[in-house]
Amino acid sequence: VQLQASGGGLVQAGGSLRLSCVASVASGRSFRQYTVAWFRQAPGKEREFVSAIRSSGSSTSYSDAVRGRFTISRENAKNMVTLQMNSLKPEDTAVYYCAADAQLILSSISMARQYDYWGQGTLVTVSS
């Protein structure tokens, strides 16, 4: 599967952005088979888990840092996962990556090394 992330930009603190991750899936596979997650990496810091959504869309996970402000959703018919980011803070500034995997177990959902497929990243900058 190939992933294309978009939607990043410059926004003031308190503002909102919507990130999208669109997948191109090989013939014979279905996007709904994949768990999709967002990770982010700020300058000088390690990549960290942000949010994930299971194949059916009924199960979602969030890091403590974003819970209550970010919402992840998916539209399997469009091969797309969206991350709605509200009440943005300067500490949300990072490159955001979407990742996907078809064989992820729930306990590994926040582990970057467990994801086989990654998008190219989109930069989010939140000014104070």
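**Group meeting: a predicted all-strand chain**

Leaving aside neighbours within four places in sequence, Thr82 is in contact with Arg18, Leu19, Ser20, Trp38, Thr71, Ile72 and Ser73. I begin with this residue and then turn to the chain around it. Please keep in mind throughout that the model before you is predicted.

Where does Thr82 sit? Its place is in strand S8. Thr82 has a relative accessible area of 10%, so it counts as buried, the cut-off for that word being under 20%.

Let me now describe the chain as a whole. The protein chain contains 11 strands and 0 helices. Read from the N terminus, its elements therefore run β-β-β-β-β-β-β-β-β-β-β. Along the principal axes, the C-alpha atoms fill a box of roughly 45 × 25 × 25 Å. For 128 residues, a compact globule would have a radius of gyration near 14 Å, and the protein chain agrees with this because its own value is 14 Å.

Some totals complete this overview. Of the 128 residues, 43% count as buried. The chain exposes about 6,600 Å², and carbon and sulfur atoms supply 45% of that area. If we consider contacts between residues at least 6 apart in sequence, 57% of them join residues at least 24 apart. As for charge, there are 13 positive and 8 negative charges, and their mean positions are 5 Å apart.

I turn next to the disulfide. How many disulfides does a search of the whole structure find? The search finds 1. A disulfide is a covalent bond between the sulfur atoms of two cysteines. Here, Cys21 is joined to Cys98, with a distance of 2.2 Å from S to S. The pair links distant parts of the chain: Cys21 belongs to strand S3, residues 17-24, while Cys98 belongs to strand S9, residues 94-101, and the two cysteines are 77 residues apart. The link of Cys21 and Cys98 is right-handed, with 70° about the S-S bond.

Are these two cysteines buried or exposed? Cys21 counts as buried because its relative accessibility is 1%. Cys98 is buried too, with a relative accessible area of 0%.

Strand S9 also holds Ala94. This alanine has a relative accessibility of 1%, so it counts as buried. Setting aside residues up to four places away in sequence, Ala94 touches Arg40, Gln41, Ala42, Thr122, Leu123 and Val124. Ala94 may also be compared in position with Gly121: the two are 27 residues apart along the chain, and their C-alpha atoms are separated by 9.5 Å.

We now leave the strands for the loops. Which loop contains Arg54? Arg54 lies in the loop between strand S5, residues 48-53, and strand S6, residues 60-62. Its relative accessibility is 22%, which means that it counts as partly exposed. Beyond its neighbours within four places in sequence, Arg54 is in contact with Tyr34, Thr35, Ser59, Arg74, Leu104, Ile105, Leu106 and Ile109. One of these partners, Arg74, is 20 residues from Arg54 in sequence and 9.2 Å from it in space, C-alpha to C-alpha.

Asn79 is not a glycine, yet it has a positive phi of about 55°. Asn79 is found in the loop between strand S7, residues 70-75, and strand S8, residues 80-85. At 22% relative accessibility, Asn79 counts as partly exposed. Ser87, another residue other than glycine, has a positive phi near 50°. The loop that holds Ser87 runs between S8 and S9. With a relative accessible area of 41%, Ser87 is partly exposed.

Finally, I come to the start of the chain. Val1 lies in the segment before strand S1, residues 2-6. How far apart are the C-alpha atoms of Val1 and Pro90? They are separated by 32 Å, and the two residues are 89 residues apart along the chain. Not counting residues up to four places away in sequence, Val1 touches Ala23, Ser24, Val25, Tyr34, Ala100 and Tyr117.

To close, I return to two points. The predicted chain has 11 strands and 0 helices. Its disulfide joins Cys21 to Cys98, two cysteines that lie in strands S3 and S9. Thank you for your attention.

How values were computed: Residues numbered from 1 in each chain as written. Predicted model: local features only at pLDDT ≥ 70, side-chain atom pairs only at ≥ 80, totals over all residues. Heavy atoms only, no water. Disulfide = S-S within 2.5 Å. Helix = DSSP H or I, 4+ residues; strand = E, 2+ residues; numbered from the N terminus. Buried < 20%, exposed > 50% of the residue type's maximum accessible area, 1.4 Å probe, protein only. Rg over C-alpha atoms; globule rule 2.2 N^0.38 Å. Contact = heavy atoms within 4.5 Å. Areas by Shrake-Rupley, 256 points an atom, 1.4 Å probe, with all protein chains shown as cover. Lys, Arg positive; Asp, Glu negative; His and termini not counted. Charge placed at Lys NZ, Arg CZ, Asp CG, Glu CD.
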